[in-house]
Amino acid sequence: MKKALVSSKKSHATFLYIPETQSSVRSLRMPIWGPKVLAGILGVLVIYSSFSAYAISHLKFQYETSKKDIKALTEINNSQKAEIESLNLNAQKIQKQLEQNLAALEEVKAAVGLEDKGSEETKTKGKAALSTVSQAIDGNIALPFVSGNSYDLSAELSSLQTSLLSLSKKTMNQKTEIDKSVASIKDRLDYLRCVPSIAPVVAKITAGYGYRRNPFTSRGSEFHDGIDFGAPYGTKVVATGDGVVLFAGYQSGYGRMVIISHGYGLTTSYSHNSSILVKKGDKVKRGQAISKVGSTGRSTGAHLHYEVKLNGKNVNPAKYF
Ligand SMILES: [Zn+2]
């Protein structure tokens, strides 16, 4: 095949098509600017298709990148959901722990008798402290629920933040109340250490507290304001609670006598001793030996006369051991 460009007149060009077979020659006549326009259109088409190819490949690349990004974001979203759920669980655990702390505190208080014994003031204080602790942890904290298909976790996060803030406040309140309770528990333990709560000597009781026949005249009755222990001469006598020796010496009728102040308006006295092992002002512990059994003073034989006074008035020592 052959193509030929034959110029004719100035304004036109004729294209001849001469097949090598015997068919006839064909011609195409067009204005002289025709080929230029065709070349221009062809050029534009070439540029346009290269741009299109580039744009398509770029879009494809962007699409792949976005797909990867979406996958990564979905993974992050899922892991955040898991994290929120785990934080929820932790918050619930903390809430439960707060409740258990309160229960433990109540147990300790009950163990040291803060709920039924002790002064009215201590009791009232203790109860007030407990009820405040109850209030502090009362009311369940609304914990956020993470729904299955939610990708926007901002509501859950904000709710979780509120819950944790609330828990943190409650924890701080509880700490304050526990500190207060610990102070009253310490007071109570101090009281329990000091209160006369054991027998001063291991021996049988030969005379109880109250009216009895006069042991000296065997006629008429007298009020016996203590308890007599029939212990052998020289038996160790011990302090029945922590305290300070208020008196250690000879007292008419009581013979060699020790008086201990335990605080809380309580004193104990130990009379008719053969010897005294402490002196005035000594600090003594419960169970510490303070004297030895004897028969000094108004006594019919070796024994210990033991008295307990509350705010200066004799009370039955048997109430304390
Ligand atoms: Zn007596």
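Where is the place of H272? In this predicted model, H272 belongs to strand 11, which covers residues 266-276.

## Overall architecture

The protein chain contains 3 helices and 15 strands. Of its 321 residues, 21% are buried. When contacts between residues at least 6 apart in sequence are considered, 61% of them join residues at least 24 apart.

## Confidence of the model

The average pLDDT of the protein chain is 85, and 84% of the residues reach a score of at least 70.

Two segments have pLDDT values under 50 throughout. One is residues 116-120, for which the model shows 4 contacts beyond four places in sequence. The other is residues 125-141, with 30 contacts beyond four places in sequence.

## Backbone with positive phi

Most residues other than glycine have a negative phi. Against this background, two residues of the model deserve attention.

H272, which is not a glycine, has a positive phi near 65°. This residue of strand 11 is buried, because 25 other C-beta atoms lie within 10 Å and the threshold for burial is 20 or more.

N311 is likewise not a glycine, and its phi is positive at about 50°. The residue is found in the loop between strand 14 (304-310) and strand 15 (313-315). With 9 other C-beta atoms within 10 Å, N311 is exposed, because the limit for that class is 12 or fewer.

## Summary of the two sites

A positive phi thus occurs in a buried setting at H272 and in an exposed setting at N311. H272 is located in a strand, whereas N311 is located in a loop.

Technical notes:
Residues are numbered from 1 along each chain as its sequence is written. This is a predicted model: local features need pLDDT of at least 70, side-chain atom pairs count only at pLDDT 80 or more; totals for chains, interfaces and linings use all residues. Helices (H or I, at least four residues) and strands (E, at least two) are DSSP runs, numbered from the N terminus. Two residues are in contact if their C-beta atoms, placed from the backbone, lie within 7 Å. pLDDT is the predictor's confidence in each residue, from 0 to 100.
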